[in-house]
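Hi,

Here is the structure I promised to pass on.

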Amino acid sequence: MRHAAYDIDCDALVIGSGAGGSVAALELARAGRQVTVLEEGPRVTTAELAAASPAESMRRLYRGGGAIAVLGTPTIAYGEARVVGGTTVVNGGLLWEPSAMVLDRWAAWSGYGGYRFPVVGARFADVQQRLGMIVQEHGEGNEDSRLLARAAESLGWRWQHPQRVVRGCEHRNQCATGCPSGAKQSMAVSYLPQAEALGARIHDGVRARRLVHGRGVVTGVEATDAAGRPVRYLPRTVFAAAGPIGTPVLLRRSSVHRHTAGRRLALHLNLRTVARFSRVVDAVRGTMFTAQVQEHSGLGILVMPSNLTPGGLGAALAGRDPRQVDALLDVRAHLGMFTTQVRMQGPASITACVGGAPLLRHGMTQADHHTLRLAFRRTARLLFAAGAVELLPPTSTAGPLRDLADVDAYCAQVRPRDWELVSVHGMASCPMARPERGGVCDETGRPHGFRNLHVCDASVLPGAPGISPQGTIMSYAHEIVGRHLESV
C-alpha cells in the first residue's frame, strides 16, 4: 500500500545527530532558531543499553550490524553507528585536540586559512569544557594499559593517558556497544537533550533521501518516516551531518557535486594484535584503555589496548584454527588485545550506490603496506617489552610469533591481501577546500554554489587528523555554525 506524502514546514533542518549534527542542533537552538533533527536510526535509552547484550546492541546500533565492506586488497571492515547520537554512542568517548601542524597542512592544501589552531583550538577548549573532559588514569583494572605504559617507558617512548568525556565511569568495558551507565557523554546524553530543552525536535527513524533545490537554494528534503511513509520537509536552512558516507551519498543522490562528493574518503586503519602473557592480565577489567603510545604519531601510528570482550576476541580469532582458538580461550586471563591505528595514505571512495546501499572501494598503496609493516614491527617490539610471550598478528593464516626474529620473518612475507584490517574513522569525503583543489565545501561549510546548505560532520574535514576525530569534528562544526549565525 502506497502512502501519500505529507509536508512539514521547518526553520533549521539538521540531517544526522552525531558529533557534527548535535553541535548544529544545540547552537541553532541556543540562537533561538526552530530546529528539527532527522536521524535514520532509533533512539535508545541508557536503560535499554544496560539491558541489551553486546550482540543485540551491535545489531541495533551499528549500520549493517557493524561491518560495512570497503572492497579492495584487502577488504576492510568499516563500522559506523546508526542511532540517535551517532557514533558518539559507540565510541570510546575520546576527545583529542587536533595539532597545529595538521591544521596548518590542511590550510595549505585547502586554500582556506580560517581554520588554523587559534580558531579551532578555541572551539575545542569550549567543547572540552562543555563535555567535562578528563584525563583517564589507570584506576581499577586496566593491567594491559599499565604493562603498555611501563614498556613504553623502558624503551624511552612517549605515551599518554587518554582524554575522555566521561562523568563517573564505572569501568564496565562496554564502550563500543553503548555505555550502560550513562557516564560517557555521548551526544545522546549531552548536546541533544540540551537542544531539546531549548525547543529542538528529534525525529528518529527518518531517512533523508533527496534534497530538492534550484539556483543554489534547497527548498525541500524528501524523506521516509519511521512508519515508511514519504514525507517532505520544507526548511529555510539545512545542515547535512549524515556522516562521511551518508552525507556524500545524499549529495550525489540529489545531484549536488555528484562528481566530487564521496570520490575521496580518508580512513584510519586498525591492526588488531592478540598478545599472550606469562602472567595474569585479566584485560576484561577496566575501561577501553588508559594508555596510548604516541611515540610514532608523526608517522600516523598510535598503539593502545582494545576492549577485551568475548565478542571482540572472537572477531579477532575468527579465521584461526578452532583448536588454536580453544587453547587461547583456556588462557583468556593471560591475553590482551591491542590496536595499532595507522593513517591510510591511499584514498577510499564511494564508487556507486546499489539498491540504495553505497559501494565502497579503497586503493591501498605500497606506501600504506610499508607503513602497516612498520607499525606492526613497532607494536611487536613494544608488546615483547611489556612481557608478551606470544603474539598473534592480524593475519589469520600466520602462526604465533614468539620473538622479534619471528616478527621480521612475518613482515618479510606478509602481502597486502593478507592484512585483516578494521576502520571506524572515515573523514574528508566532502572536504572543505577550493573547487580547483577537489573541494566540495567552502570556508563556511557550504557546498560550492549553495546559499542555505551546510555540511558540518566528518566529511567536511580536509583530511584525516591521525587521532580519534570527535574533537576535531565538533570544533569544525562549532565554527561552521558560528559563521552561519554571524551572517544571518
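**What I found**

An unreviewed UniProt entry carries the annotation "domain: Glucose-methanol-choline oxidoreductase C-terminal" for residues 365-477; UniProt positions are in the numbering used here, feature names are shortened, and annotations may be inferred rather than shown by experiment. That span is 34% helix and 13% strand, with its end C-alpha atoms 31 Å apart (helices are DSSP runs of H or I, at least four residues, and strands runs of E, at least two, numbered from the N terminus).

Before the rest, some ground rules: this is a predicted model, where local features need pLDDT of at least 70 and side-chain atom pairs count only at pLDDT 80 or more, while totals for chains, interfaces and linings use all residues. Residues are numbered from 1 along each chain as its sequence is written, and side-chain values use heavy atoms, leaving out hydrogens and water.

Now the nonpolar cores, meaning sets of buried Ala, Val, Leu, Ile, Met, Phe, Trp, Tyr and Cys residues joined through side-chain atoms within 4.5 Å (buried is under 20% relative accessible area, exposed over 50%, partly exposed in between; 1.4 Å probe, protein chains only). The largest has 71 residues, and Ile15, Val35, Val221 and Tyr233 touch the most other members. Helix α1 (residues 19-30) contributes the most to this core, seven residues. Apart from it there is another core of 57 residues, including Leu265 and Leu372.

Finally, Tyr410 is buried at 7% relative accessible area, and Trp419 is buried too, at 2%.

Cheers
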